[in-house]
Amino acid sequence: LSLNLIRSFVTTIFRGLYFLPIANPAELHDNRISTDIFGVIPNVIEDEIDEDRFQQSIESLLVNINSTIKSKNSLSKIILFTSPTPSNGKSFVSREFSKTLAKMGHRVLLIDSDLKRGQQSKHIKTNNPKLNETGFYKITQENLEDLKVSENFYFIPRIRELRNTFSFLYSQQYLKQIELFKSHFEYIVIDTPPILSVSDTSILMSMSDIVVGLIRHEQSKISEIKQMLNTSSQLGIEFDGLIYNDY
């Protein structure tokens with residue numbers, strides 16, 4: 001009987017660590033995840049959404065990220081959003097975060113860098129929803145206004161028809177374009193693929209000033225979150241903070 005109890009106890013713990021999704025932000029601390037929580041985003045699917053509460057959560061996120069930027073004495077403000085796995089809401093949060101910055105009077109560029117499955121152009125009206133590599137390199141100081149979506153808010157959709165996304169991001173031409181954007185925008189927000197799925201994210205992280213991991217209530221697992229943080233650490237890059245989404 002005692003052996004069965006031990007087996008049951010071990011199975012419960014193992015299942016909790018590796019199979020059950022996170023159900024409360026406090027579980028991060030309980031599992032010795034010390035990365036700061038930049039913000040908790042409420043559920044925004046149900047009809048009874050409190051818009052004020054949602055906007056306040058985005059504004060709180062902005063304050064925490066800006067505080068981290070100041071503590072780093074960073075001159076540029078490239079903010080990267082990623083997640084351990086798909087469907088955690090990073091595209092939605094990065095988009096709303098960018099819009100809020102723009103409404104506050106900051107000149108913001110959002111780049112959909114999920115080069116295989118990015119869907120931002122379905123939610124943002126743009127003059128060129130099917131931008132290819134040649135078109136990306138043709139973006140210059142003279143035609144930056146073509147990227148404008150609304151007052152202070154600019155957008156580059158997913159670059160299509162790429163044969164090798166890693167080579168594209170690792171090229172000097174791409175870095176040159178990023179330098180162009182840095183000289184014309186106060187903030188550059190990068191929406192990336194999940195870090196555990198695509199190697200592209202590691203390149204983009206090395207270019208960024210602030211790296212934010214997004215996890216989702218009742219979907220992300222503690223084991224995935226730890227793996228995300230460990231993967232980043234092995235690259236010599238630490239996450240500046242986490243967002244607990246859809247609470």
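**T165**

I started at T165, which is found in helix α6. This is a predicted model, which I keep in mind for every entry below. Buried or exposed, I wondered about T165? T165 is buried, with a relative accessible area of 10%; the cut-off for buried is under 20%. Then I looked up what T165 touches: leaving out residues up to four places away in sequence, I found L115, K116 and D200.

**Helix α8**

Helix α8 covers residues 200-207 and is mostly covered, with 6 of its 8 residues buried.

**S208**

Next I moved to S208, in the loop between α8 and β7. S208 has a relative accessible area of 14% and is buried. I checked the polar side of S208: a polar atom of its side chain lies 2.8 Å from the backbone oxygen of L204. With residues up to four places away in sequence left out, S208 touches I78, L80 and I190.

**Strand β6**

I190 took me to β6. How many residues of β6 are buried? I get 5 of the 5, so β6 is largely enclosed by the rest of the structure. I sorted the side chains by direction: Y187, V189 and D191 point one way from β6, while I188 and I190 point the other way.

I then looked up the partners of β6. Strands β2 and β6 pair in the parallel sense over 4 bridges, and L80 has I190 as its bridge partner in β6. So far L80 and I190 have both turned up as contacts of S208 too. Strands β3 and β6 are also paired in the parallel sense, over 5 bridges. There, V108 stands opposite Y187 in β6.

**The whole sheet**

I zoomed out to the sheet. The 8 strands form an open sheet with mixed pairing, in the order β1-β8-β7-β2-β6-β3-β5-β4. Which strands stand at the edges? They are β1 (37-40) and β4 (148-150), and each has a single partner strand, so one side of each is left without a neighbour in the sheet. Neighbouring strands are turned by 25 degrees against each other on average, direction ignored.

I picked one more pair to inspect. Strand β7 (residues 210-216) pairs with strand β8 (residues 241-245) in the parallel sense, over 5 bridges. In β8, I243 is the bridge partner of L214.

How do α3 and α4 cross, and at roughly how many degrees? The axes of α3 (residues 51-72) and α4 come within 10 Å and cross at roughly 80 degrees. That makes α3 roughly perpendicular to α4. From α3 I noted F54, Q55, I58, E59, L61, L62 and I65; they meet F92, V93, E96, F97, T100 and L101 in α4. By class, this contact has 9 nonpolar, 2 polar and 2 charged residues.

**S83**

I went back for S83, whose place is in the loop between β2 and α4. S83 counts as buried, at 1% relative accessibility. A polar atom of the S83 side chain lies 2.9 Å from the backbone oxygen of T85. Beyond residues up to four places away in sequence, S83 touches N88, K90, P194, I195, L196, L214 and M228. L214 is already in my notes, from its bridge to I243.

**Chain totals**

I count 9 helices and 8 strands. Of the 247 residues, 49% count as buried. Among contacts between residues at least 6 apart in sequence, 82% join residues at least 24 apart.

Terms used. Residues numbered from 1 in each chain as written. Predicted model: local features only at pLDDT ≥ 70, side-chain atom pairs only at ≥ 80, totals over all residues. Heavy atoms only, no water. Pairing = 2+ DSSP bridges. Helix = DSSP H or I, 4+ residues; strand = E, 2+ residues; numbered from the N terminus. Axes fitted to C-alpha atoms, helices over the stretch in contact; angles between N-to-C directions. Parallel < 35°, antiparallel > 145°, perpendicular 65-115°, else oblique. Contact = heavy atoms within 4.5 Å. Nonpolar A, V, L, I, M, F, W, Y, C, P; charged D, E, K, R; others polar. Buried < 20%, exposed > 50% of the residue type's maximum accessible area, 1.4 Å probe, protein only. Polar contact = N/O pair within 3.5 Å; in protein donor to acceptor, adjacent residues only side chain to side chain.
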